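Dear colleague,

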Amino acid sequence: MYRAMREAVAGALESALAAEGYPTDDLGLEEPPDDVDAVLASSVAFRLASDAGDPPPQVAMALANRLSTSDIEYVSTVETQGPYLNFLPSERYFTETLRAAGDADYGTLESRERSVVVEHTSANPTGPVHVGRARNPIIGDALARILDAAGYDVSVHYYVNDAGRQMAVFTWAYERFDESDLPDPEREKSDYDLVRYYRKGNEFLESADADAVEAAEAEIQAIMQGLEAGDEQTYERVREVVDTVLEGMRESLARLPADFDRFVKETEFIRDGSTQAMVERLKALDAAVYDEDAWQLDLPDIDKNFVFLRSDGTSLYSTRDLAHHEWKFDHFDRAVTVLGEDHGLQVRQIESVLDLLGHDTDRLDQVLYSYVNLPEGKMSTRRGTGIDLDDLLDEAVVRAREEVERRLGERVRGDGLDDADVDRIARQVGIGAVRYDIVAKQPAKAITFEWERALDFEAQSAPYVQYVHARACGILDEAAAAGYAVPAGNGVKATHLDTAAEQDLLRDVARYPRIVEEAAADLEPHRIATFTREVAESFNAFYRECPVIDAAPAVRESRLALVVAARNTVANALEVLGIEAPDSM
């Protein structure tokens, strides 16, 4: 209802401004502070004061007199507060919110008939996913879910670097060394198994004698050139390594969860000829120069040249990525890529070159994120060189189980939780805590992940929000057990929901579709996380102040409908963040 009310207010305010002869390009619509009963406010009087020759409060009063609430859907009153216009909701606004949020898919917007490809993670298949880059799949998966909820046709891709030097080194090492030369794998998983060869190969290249290294480098170079030439045998050799490592990486990512519709390989754009065609087109550009034994583009406003072809005739990752981007433009209306902050130069170069090639780069969005750090001494690793995503998720579940067991006496349901239930809740809470703590921050801000904050049931965390969902489920189960029908909003009016706590919760519930819309438009999943905390706080205030089961029949029915609306809202908001909503905790 918030979206509909906002649209109605915008239309009425625009008409009022036009009638007064004022420009209508900026309506100054915003959400008022918590201590104001209005759903919407407008600060437009500030902007108009100089044109009107009157102080802002007087301008606001004149506009209020022009606005008729009978013509503004879902608005009961327009009040002025100094220079602000405040739009108060009608009872119909609350009733319609109650009805809409009674649907299980509340917050899923109508189809936009536009396709979006979201590329995320795309970590080189050289070993297990490292915790430092865990922000990429978490942000990327949340963005894909939000865009889907906002009505886009979403396809999620992982771009596989299977043509670069790293994979040539990996393939050479896998074929060169025997398993007896390697330490035991840290886990019985394919990526942990094969990464031993990659590490052994790099150690060899760093420490072997010069002749042995030269011979190895010749073999590595032959693999790279074989890929560039489209040699089928070379491709199959590399593919065996790449696909085996990816299998293990996919298992780790699925735990988050982060699933993909397609794994797109670099070599696809070599084998179909599009990389070579791209090279020829780049050579023909006025910006193309041959310098320092490589073909480059001298890009305006970018200090570093864009190198696209080596002297030995092999292309670079960035060259193949250009072909990849053109393929995206051919198949999708919009392309979103999630990248680490160290890819900033690459982002600017790719966009600049696509501009030179005549593409509309407004169709391309890049989300850059800072990496995740862990406090010193908070986790151990047997290898001593870093912490893998699997390590983090394992410890998250262990810590969550300890907290869940400690709180068993305070859980929503009195009895009936067996060990399997506790294991399930520990997984939901532990992995949810990791995801939430990471996605709740703006991507560009650095993160230091801290267990105490992430698993705090009383603070602004996943468990805090998940507990609200469990509490709502508990209330509804208790009502059903007592023989009370649990309404889903249809036919229930908000007449009896007249306390501040009830209406505050309804106001928050009403905002959810708009939050989805804004988060999708701005590619900011943290907005959903912020919203979940706000609605959780409103629900807890309602829970403290408004008895449900013991209320008078008419009030009970309305409050049960409100609990359903809040449960659906919290569940769906957590779902678009990729976090499970436990029925009991």
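Predicted model: local features only at pLDDT ≥ 70, side-chain atom pairs only at ≥ 80, totals over all residues.

**Aromatic rings and their partners**

Phe308, by contrast, is buried, with a relative accessible area of 0%. Trp295 and Phe308 form a tilted aromatic pair, with 6.3 Å from centre to centre and 35 degrees between the planes. Since Trp295 belongs to strand β9 (residues 294–297) and Phe308 to strand β10 (residues 306–310), the pair ties together parts that are 13 residues apart in sequence.

The structure holds 22 aromatic pairs, and another of them that is tilted joins Tyr106 and Tyr512, whose ring centres are 6.0 Å apart and whose planes make an angle of 50 degrees. Tyr106 lies in the loop between α4 (91–101) and β5 (115–119), while Tyr512 lies in helix α18 (residues 500–522), so this pair ties together parts that are 406 residues apart in sequence. Both Tyr106 and Tyr512 are buried.

Beyond these two pairs, there is a cluster in which ring pairs link Tyr159, Phe269, Tyr317, Trp327 and Phe332.

Two arginines also deserve a look when you go through the rings. Arg271 lies over the face of Tyr235, at 3.8 Å from the ring centre, and Arg334 lies over the face of Tyr152, at 5.6 Å from the ring centre.

Note on methods. Residues numbered from 1 in each chain as written. Heavy atoms only, no water. Phe/Tyr/Trp six-rings, centres within 6.5 Å; stacked < 30°, edge-to-face > 60°. Helix = DSSP H or I, 4+ residues; strand = E, 2+ residues; numbered from the N terminus. Buried < 20%, exposed > 50% of the residue type's maximum accessible area, 1.4 Å probe, protein only. Lys NZ or Arg CZ within 6 Å of the ring centre and 35° of its normal.
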